[in-house]
Amino acid sequence: KDQARGVKHRYRLQSDTEASAKSSPKSKSSQEKNPFEKERNARKVVNAASPLGKQRNSLVDGSENPDLGPVLLKQTRDMMSSGENPKKALELALRATKSFEKCTDGKPSLDLVMSLHVLAALYSNLGQYNEAIPVLERSIEIPVIEDGQTHALAKFAGCMQLGDTYAMQGQIENSILCYTAGLEIQRQVLGETDPRVGETCRYVAEAHVQALQFDEAEKLCQIALDIHSENGAPASIEEAADRKLMGLICDSKGDYESALEHYVLASMAMAANGNEVDVASIDCSIGDAYLSLARYDEAVLAYQKALTVYKSAKGENHPRVASVYVRLADLHNKIGKVRDSRTYCEDALRIYGKPNPGIPSEEIASGLIDIAAIYQSMNDLDQALKLLKKALTIFGEAPGQQSTIAGIEAQMGVMYYMMGSYTDSYNTFKSSISKFRASGEKKSALFGIALNQMGLACIQRYSINEATDLFEEARNILEKEYGPYHPDTLGVYSNLAGTYDAMGRLNDAIEILDYIVDIREEKLGTANPDVIDEKRRLGELLKEAGRVRSRKPRSLVTLLDTSTQIIKDDGIKVS
């Protein structure tokens, strides 16, 4: 998400240029007179009164003029608002920051903090995130919490902006650390029940959802709900937003009944406030919950209701309309009406092919990814790959989209594998894995599943040692993220046992398969086909272990579990 993601949640300091102008006679006079003319006049006075070179130089560059910093900062903010010449705005921000630094005399200055925040925002707007991060880290170090609420909230604002900057680089873990630190500062200053704390709780919960950390997200969202329910009027906008997010979290955890309850309450609150388009967005989420519950007729009604509103409010060719077509395509595909599903896909692609001006390209790319998933489920892999490549082109190499791009490439790797193009699958997974590592996603479940799939591609290329390393790394991640009993974790165990067997490590393979059989018997019962298959494999290995140097060669592919598939990049429908 872009830099504006958290503006409405962030406390705005009262030390901006306008406030400074009202409280300082010097600032007022500096705005009435051209600062450069004043600088020249001051130079003449100094030259007449004192020949000291140091004093003369400080007035030549104007950096120690206490009036210059606010003027430059105001000019910078005006240029940012107009969007003109960002490089010139960056130059002004650097000069303003330098001026504030010279005038601080070693004391904590909120004017300097504000200038650093503006400077970092300009760096981020220019895509120079590595320049923005140290600027923001410095802005966090300056305020002293003991000096009062304004200092504390300045530190809070820096933490949140630094979190946003990390998020734009795809470093979700670092961003969550910054958000959490900011939230704790805000709680200390404003109290546990302040509405602004509730908004920040929801904001941090959204970040946890992006990281697929749903338990943490649920806790924070519940705190936000409690705060807004206590402080706000019944059915407030804030409570509706909390309800919608909580519905999304419950949906992601598979608790569809609870999700539906939260969605309906959010829809009622939005309707009471006259937010028709927001109601349509929640109707889409209600349809998703009905679809997950296999209540197809009710899902269709919810989608059609949202479609009518979007067409009326946004126009026939708006991507919001296309997003409902995609949902209807998914629904009809699941109930076996493939022809209707293809028709809805084509309607959505027609809109995405000629979007209205001003529509974010990321919204188009996300729609193409959703449609590709539907074509993949129809086994139309060529069309699915074509759409994913288009989405990849749209996202490009944007620093803030590396995690998303990695997910797209992982899905392409799965499709290449299904088509038998194992070299293409391996190369695509290799690119995906490197992006996951670079973006800080080295501990996510999605990364673990991608490692498992890359391991399968290695097997097909007879790279047994590399496959083993990938399976072992995937096992470590999925054990932590999913636990040892999750089907995806057990699938990786099974694959790892196969590679151990192929490498002659029979005892290791037997130990893993014995564990898998015990778990699957406990969870699935002894008559389950998966249990029977694992017991057969274990029996063969035990038999072979009793034969010294007389193992029978057999295809490694028959030893592997290829059922584990890559999940969708976000795993969630976002309306």
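Visitor: Which residues is S341 in contact with, once its neighbours within four places in sequence are left aside?

Guide: In this predicted model, S341 touches A329, H332, N333, I374 and M378. As for where it sits, S341 is part of helix α18, which runs over residues 338–353.

Visitor: What makes S341 buried or exposed?

Guide: Just set the value against the cut-off. The relative accessible area of S341 is 0%, and buried means under 20%. So S341 counts as buried.

Visitor: Okay, on to helix pairs. Why are α6 and α7 called roughly antiparallel?

Guide: Look at the angle. The axes of α6 (residues 86–103) and α7 (residues 110–125) cross at roughly 155 degrees and come within 9 Å. Angles over 145 count as roughly antiparallel, and therefore α6 and α7 get that label. Their crossing is left-handed, too.

Visitor: Which residues make that contact?

Guide: From α6 you have P86, A89, L90, A93, L94, A96, T97, F100 and E101. On the α7 side they are D111, L112, S115, L116, L119, L122 and Y123. Sorted by class, the contact of α6 with α7 holds twelve nonpolar, two polar and two charged residues.

Visitor: Which residues of α15 and α16 make the contact?

Guide: Among them are V277, A280, C284, I286 and L291 of α15, along with Y296, A299, A302, A306 and V309 of α16. Charged residues take part as well: the contact of α15 with α16 divides into 14 nonpolar, two polar and six charged.

Visitor: How many of the chain's residues reach a pLDDT of 70 or more?

Guide: That would be 79% of them, and the mean pLDDT of the protein chain is 79. Over residues 1–63, though, the pLDDT is below 50, and this stretch has 87 contacts in the model beyond near neighbours in sequence. Residues 564–575 are also below 50, with 43 contacts beyond near neighbours in sequence.

Visitor: What should a reader do with the predicted coordinates where pLDDT is low?

Guide: Where pLDDT is low, the predicted coordinates should not be read in detail.

Key:
Residues are numbered from 1 along each chain as its sequence is written. This is a predicted model: local features need pLDDT of at least 70, side-chain atom pairs count only at pLDDT 80 or more; totals for chains, interfaces and linings use all residues. Side-chain values use heavy atoms; hydrogens and water are left out. pLDDT is the predictor's confidence in each residue, from 0 to 100. Contact means heavy atoms within 4.5 Å. Axes are lines fitted to C-alpha atoms, for helices over the stretch in contact, and angles run from 0 to 180 degrees between N-to-C directions. Helices (H or I, at least four residues) and strands (E, at least two) are DSSP runs, numbered from the N terminus. Angles under 35 degrees count as roughly parallel, over 145 as roughly antiparallel, 65 to 115 as roughly perpendicular and the rest as oblique. A crossing is left-handed if the near helix is turned anticlockwise from the far one by less than a right angle, and right-handed if clockwise. Ala, Val, Leu, Ile, Met, Phe, Trp, Tyr, Cys and Pro count as nonpolar, Asp, Glu, Lys and Arg as charged, and the others, Gly among them, as polar. Buried means under 20% relative accessible area, exposed over 50%, partly exposed in between (1.4 Å probe, protein chains only).
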